[in-house]
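Open the model in a viewer and keep the sequence beside it. This tour says what to select at each stop and what is there.

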Amino acid sequence: PLSLQQRFALARLLAGYAPIDIAEQLGIGVPVLTVVLERAVAAAGAANRAEAVALAARRGWLMIPADQ
């Protein structure tokens with residue numbers, strides 16, 4: 001349902017990372033990250049990023065960062 005990039009980005013949001021840091025870790029710009037997150041919200045069937053994170057976590061789709 002979610003790409004690896006989408007799962008990574010949502011997991012980092014859950015862990016409290018700022019979008020600029022997530023984009024840097026993915027090697028993309030913040031505008032591209034915005035698109036990645038918009039598509040993740042749509043793919044999860046969520047209304048917003050927070051709901052997408054919650055749904056993805058509940059469904060076991062997230063890759064939890066190793067440093068957490």
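**Stop 1: the core**

Select L2, A9, L10, L33, A46, A52 and A56: these residues have the most contacts inside the largest nonpolar core, which has 20 residues. A nonpolar core here is a set of buried Ala, Val, Leu, Ile, Met, Phe, Trp, Tyr and Cys residues joined through side-chain atoms within 4.5 Å. Buried means under 20% relative accessible area, exposed over 50%, and partly exposed in between (1.4 Å probe, protein chains only). Helix 1, helix 2, helix 3 and helix 4 each supply at least two residues of this core. Helix 3 gives the largest share, six residues. In soluble globular proteins, nonpolar side chains tend to be buried together.

This is a predicted model, in which local features need pLDDT of at least 70 and side-chain atom pairs count only at pLDDT 80 or more, while totals for chains, interfaces and linings use all residues. Residues are numbered from 1 along each chain as its sequence is written, and side-chain values use heavy atoms, with hydrogens and water left out.

**Stop 2: the whole chain**

Now show the protein chain as a cartoon. How many helices and strands are there in the protein chain? There are four helices and zero strands, in the order α-α-α-α from the N terminus. Helices (H or I, at least four residues) and strands (E, at least two) are DSSP runs, numbered from the N terminus.

Along the principal axes, the C-alpha atoms fill a box of roughly 25 × 25 × 15 Å. The radius of gyration is 11 Å, which agrees with the value near 11 Å for a compact globule of 68 residues; it is taken over C-alpha atoms, and the globule rule is 2.2 Å times the number of residues to the power 0.38. Of the 68 residues, 35% count as buried.

**Stop 3: helix 1**

Select residues 4-14, which form helix 1; its buried residues are Q6, F8, A9, L10, A11 and R12. What covers these buried residues includes helix 2 (19-26), helix 3 (30-44) and helix 4 (49-58). Just after helix 1, select G16, which takes a positive phi of about 95 degrees.

**Stop 4**

Is A9 buried or exposed? A9 is buried, with a relative accessible area of 0%. Leaving aside neighbours within four places in sequence, A9 is in contact (heavy atoms within 4.5 Å) with I22, L26, L33, V36 and L37.

Next, select L33. Again leaving aside neighbours within four places in sequence, L33 is in contact with A9, P19, I22, A23, L26 and I28.

**Stop 5: helix 1 against helix 4**

Show helix 1 and helix 4 together. Their axes come within 10 Å and cross at roughly 105 degrees. Axes are lines fitted to C-alpha atoms, for helices over the stretch in contact, and angles run from 0 to 180 degrees between N-to-C directions. Helix 1 and helix 4 are therefore roughly perpendicular to each other, a term for angles of 65 to 115 degrees.

Select L10, L13 and L14 in helix 1, which meet R49, A52, V53 and A56 in helix 4. By class, this contact has six nonpolar, no polar and one charged residues. Ala, Val, Leu, Ile, Met, Phe, Trp, Tyr, Cys and Pro count as nonpolar, Asp, Glu, Lys and Arg as charged, and the others, Gly among them, as polar.

**Last stop: A54**

Finally, select A54 in helix 4. A54 is partly exposed, with a relative accessible area of 33%.

Key:
Angles under 35 degrees count as roughly parallel, over 145 as roughly antiparallel, 65 to 115 as roughly perpendicular and the rest as oblique.
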